[in-house]
Amino acid sequence: MMRESKSVLLENIVKEYISQENKSVFTAVNNISLKIEAGDFVTLLGPSGCGKTTTLRMIAGFEEVTSGNIYLGNDNVNEVTPDKRDTTMVFQSYALFPHYTIYDNIAYGLKIKKMNKDEIKKKTEKILDLVGLNGMENRYPNQLSGGQQQRVALARALVMEPGVLLFDEPLSNLDAKLRVVMRNEIRRIQKTLGLTSVYVTHDQAEAMSLSDKIIIMNKGNIEQIGTPTEIYQQPASEFVADFIGVANFVDGVIDHIGKDFLDVTMLGQSIKLPLKGNKPRCEGDKIRLVIRPEAITIGHEGDYDGLVESSMFMGSVQDYTVRVDNEILKIEDSNPISKTVFNIGEKVKVSLKEESIHIL
Ligand SMILES: Nc1ncnc2c1ncn2[C@@H]1O[C@H](COP(=O)(O)OP(=O)(O)O)[C@@H](O)[C@H]1O
Ligand SMILES: [Mg+2]
C-alpha cells in the first residue's frame, strides 16, 4: 500500500545563521553526519537550542544547508524543494485548517496532488481507521480534543505516504497521560507501516520508549548515537549520562588492570569492575564513574557507610540522597512500602551492583 520508505544520510552538515543586526555568524549545527536506515524510528534528543529543529528542517528542505550533503534514499536532495522531497512533517502546533472538516483536512494534500476522488476516499478512510478517528470525519477541528487533533495531524501526514516522516515535538501540547497514549499510538502505526521516522524531542522518556536509535545532540554537535539501552548503560560522556535518566558521578583511580576486570578505588574503597568498551586505560588513570540510582542498595547491612541527607516517598520508590565518603549519592529504593524506610540523619549501609557502574 505504502510507497517505499527511504533511508536518510546526512554528510558533514553545517548550518550557520547570520545575524541581521551585526552580521555575526552563529553555528546552529556543527558538522554532523549520520545514517538512518529505511524503516527505522530515530529520535533527535537534546536540550532546547541544541539544533534539533534546524536539523529536521534541513531534512525537510525548509532550511538550506550551509555545507554538507543530504541524501534521501540514493538521491542527493540539497537542491530539491520541500514539496518534492518525499518527506512530510508533523508539527507541535497541529496546524489544521479550522474551516475544513476532519475528512477534508486529511484529504487536502491528496487533492492538491490531483488524485481522483475514489482513490482519495479509499486512502483517507483507511488512514482514519488507522489513527482511530472513525466516525469523526464530518466534525471540525474545534470539536475535537487536543489528542484527537494531533491524530488528525498525524493522519494528514500519513495519508501522503511519505518516504520519510518527520516529527517536531508533536506531543508537547498534550497532558502527561495523553502523551503516553499518543506515543504508543505513534509507535504502533510507525511499525505497522514500516515508516522511516525522524522524531525531535527534548523529552528523554519519549525518546527511550519510541526509538530504535537515539541521537543525542548538544550545542550543534552529536554526543552519541545508540539504542536506548546503549545510551543508558554506556553513555559516551557525562553530558549524555546526565541527560538520560538520573546519574551519580564519582571520581576514581584505576589501581590495576586485569584480563577482564579493573581494580578501582572509589568512595574510599577498592572495587572490582568488569572491563567493558574499548577505551584505552592505564594503571594510575583518574576516571569518572557513572552509578545509576537503581544500582545502589540501602539497608542495615552493606559495604559502605552512609548518612541519609534526604528521604522522599515517591510511591513506587523511596528517593534518597546519602553521603558516602564525602560524595552525595542519589538512590532509588524500589517498593518502599514493604521495606524499612530511613529518615534524614540516620546512619545506613549501602552496596553497589558492580555490573551497573559505568566508567566514562
Ligand atoms: N532562523 C534563525 N535565525 C537565527 N538563529 C536561529 C534560527 N533558527 C534557530 N536559530 C538558533 O539556532 C539554535 C538551534 O535552534 P533549534 O534548531 O530550533 O534548536 P532546538 O530545536 O534543539 O531547540 C538556537 O540557538 C536558535 O536560537
Ligand atoms: Mg525545536
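Biologist: In which strand is Phe-313 found?

Modeller: In this predicted model, the element that holds Phe-313 spans residues 304-313. The strand in question is β16.

Biologist: Which residues is Phe-313 in contact with, leaving aside its neighbours within four places in sequence?

Modeller: Contact here means heavy atoms within 4.5 Å, and neighbours within four places in sequence are left aside. On that basis, the residues in contact with Phe-313 are Gln-318, Pro-336 and Ile-337.

Biologist: Why are α2 and α4 described as roughly parallel to each other?

Modeller: Helix α2 covers residues 102-112 and helix α4 covers residues 146-158, and their axes lie 7 Å apart. Angles under 35 degrees count as roughly parallel. The two helices are therefore roughly parallel to each other, since they pack at an angle of about 30°.

Biologist: Are α2 and α3 roughly parallel or oblique to each other?

Modeller: Helix α3 covers residues 117-130, and α2 packs with α3 at an angle of about 130°, with their axes 10 Å apart. Roughly antiparallel would need an angle over 145 degrees, and roughly perpendicular one of 65 to 115. The relation of α2 and α3 is therefore oblique.

Biologist: How many charged residues has the contact of α2 with α3?

Modeller: α2 passes α3 in a right-handed crossing. The contact is made by Ile-102, Tyr-103, Ile-106, Ala-107, Leu-110 and Lys-111 of α2, together with Ile-120, Lys-121, Lys-123, Thr-124 and Leu-128 of α3. By class there are seven nonpolar residues and one polar, and the number of charged residues is three.

Biologist: How do the axes of α4 and α5 lie, roughly parallel or roughly perpendicular?

Modeller: Helix α5 covers residues 176-193, and its axis comes within 11 Å of that of α4, with a crossing at roughly 20°. The crossing of α4 and α5 is right-handed. Angles under 35 degrees meet the criterion, and α4 and α5 are therefore roughly parallel.

Biologist: How many nonpolar residues are in the contact of α4 with α5?

Modeller: From α4 come Gly-147, Gln-150, Arg-151, Leu-154 and Leu-158, which meet Leu-178, Val-181, Met-182, Glu-185, Ile-186, Ile-189 and Leu-193 in α5. The residues of this contact include two polar and two charged, while the number of nonpolar residues is eight.

Biologist: From which residue does a polar backbone atom lie 2.6 Å from an oxygen atom of ligand 1?

Modeller: The residues around ligand 1 include Tyr-17, Phe-26, Gly-49, Lys-52 and Thr-54. A polar side-chain atom of Lys-52 lies 2.9 Å from an oxygen atom of the ligand, and an N or O atom in the side chain of Thr-54 is 2.6 Å from an oxygen atom of ligand 1. The residue whose polar backbone atom is at 2.6 Å is Gly-49.

Biologist: Which residues does Glu-63 touch, not counting those up to four places away in sequence?

Modeller: Glu-63 is found in the loop between α1 (52-60) and β4 (67-72). Its C-alpha atom is 33 Å from that of Glu-125, which is 62 residues apart from Glu-63 in sequence. The residues touched by Glu-63 are Lys-15, Tyr-17, Arg-57 and Met-58.

Terms used. Residues numbered from 1 in each chain as written. Chains lettered and ligands numbered in written order. Predicted model: local features only at pLDDT ≥ 70, side-chain atom pairs only at ≥ 80, totals over all residues. Heavy atoms only, no water. Axes fitted to C-alpha atoms, helices over the stretch in contact; angles between N-to-C directions. Helix = DSSP H or I, 4+ residues; strand = E, 2+ residues; numbered from the N terminus. Near = heavy atom within 4 Å. Polar contact = N/O pair within 3.5 Å; in protein donor to acceptor, adjacent residues only side chain to side chain. Left-handed = near helix turned anticlockwise from the far one by under 90°. Nonpolar A, V, L, I, M, F, W, Y, C, P; charged D, E, K, R; others polar.
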